[in-house]
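Please brief me on the strand pairing, the nonpolar core and the surface patch of the model below. Keep the cut-offs with the terms.

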Amino acid sequence: MFKIGKQFSRALLLGCACLLTMNASGCTLLKGAIEVTYAGSVFWRTTPLIPVTAYWSQLIEDTYWEEERYDKVQILDPVEGEHAPLFCLDPPSPDEVIRALPDKTGGGVWFLAETTRNNVRMVVEPIVDRIGECRFYPMVGPARQHHCHYKCTVYYDKTIRSDWPVPFSNTDQTKEVVYIDHDHLIRCAGPQSE
């Protein structure tokens, strides 16, 4: 015959007693939570609430941020006059440069594998500034493409840190180069756009 430990048999007996008396006790915590979730999903005509980690939520927010700010091509009105300024006016912002870097810091596990960038310094240099010939673009009409290309050099201290199983920290001075295009269209003729 098996000899069951005294602590295990007490825990098993206590668990069985809790399961048997839970329905008769009037405690509806779990059942109530399920009912409220179902009622909310029926009322709002959606699925029940699904927990999402902060990492995935941040990825979704970053995707929408980049689409809104950096992934759309601007269409500008025609530039009037002989001496109108036709040069690149909008160098990349620090946010855009950091987002263009290869993401070697994302997805780390806290205290197990963390990578951070410290003491970030940026140098932004324009390398191309020219305007193409007038041609037809679908959904735009006749327009010229203004080519603005920048070379962005980023200097930072890359720190790799882990606290478990073997605690260590390593800091390297790193330099990365990113090329960013700010091409946009300038319409050749026509009425002012909205």
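Strand 4 (141-162) and strand 5 (168-181) pair in the antiparallel sense over 14 bridges. Pairing here requires that DSSP finds at least two bridges between two strands; strands (E, at least two residues) and helices (H or I, at least four) are DSSP runs, numbered from the N terminus. The model is predicted: local features need pLDDT of at least 70 and side-chain atom pairs count only at pLDDT 80 or more, while totals for chains, interfaces and linings use all residues. Residues are numbered from 1 along each chain as its sequence is written, and side-chain values use heavy atoms, with hydrogens and water left out.

**Partners of strand 4**

- Strand 4 and strand 5 form a hairpin with five residues between them, and Ser162 has Phe168 in strand 5 as its bridge partner.
- Strand 2 (residues 114-131) pairs with strand 4 in the antiparallel sense over 15 bridges; Arg130 stands opposite His147 in strand 4.
- Strand 3 (residues 135-137) pairs with strand 4 in the antiparallel sense over three bridges, and Phe136 has Pro142 in strand 4 as its bridge partner.
- Strand 6 (residues 184-187) pairs with strand 4 in the antiparallel sense over four bridges; His146 stands opposite His184 in strand 6.

**Nonpolar core**

- The largest nonpolar core has 10 residues: Cys88, Val97, Leu101, Cys148, Tyr150, Cys152, Val154, Tyr156, Val178 and Ile180.
- Strand 4 and strand 5 are the elements that give two or more residues to this core, and the largest share, five residues, comes from strand 4.
- Such a core is a set of buried Ala, Val, Leu, Ile, Met, Phe, Trp, Tyr and Cys residues joined through side-chain atoms within 4.5 Å.
- Val97 is in contact (heavy atoms within 4.5 Å) with Pro92, Met122, Cys152, Val154 and Ile180, leaving aside its neighbours within four places in sequence.

**Surface patch**

- Val52, Tyr55, Trp56 and Leu59 form a nonpolar patch on the surface, with about 420 Å² of accessible area together.
- Accessible areas come from the Shrake-Rupley method with a 1.4 Å probe, and for residues only the protein chains shown count as cover.
- Leu59 lies in helix 3 (residues 54-69) and counts as partly exposed because its relative accessibility is 34%.
- Buried means under 20% relative accessible area, exposed over 50%, and partly exposed in between (1.4 Å probe, protein chains only).

Key: Patches are made of residues with over 30% relative accessible area and no salt bridge: like charges are joined within 9 Å, nonpolar side chains (Val, Leu, Ile, Met, Phe, Trp, Tyr) within 5 Å. A salt bridge is a side-chain nitrogen of Lys or Arg within 4 Å of a carboxyl oxygen of Asp or Glu.
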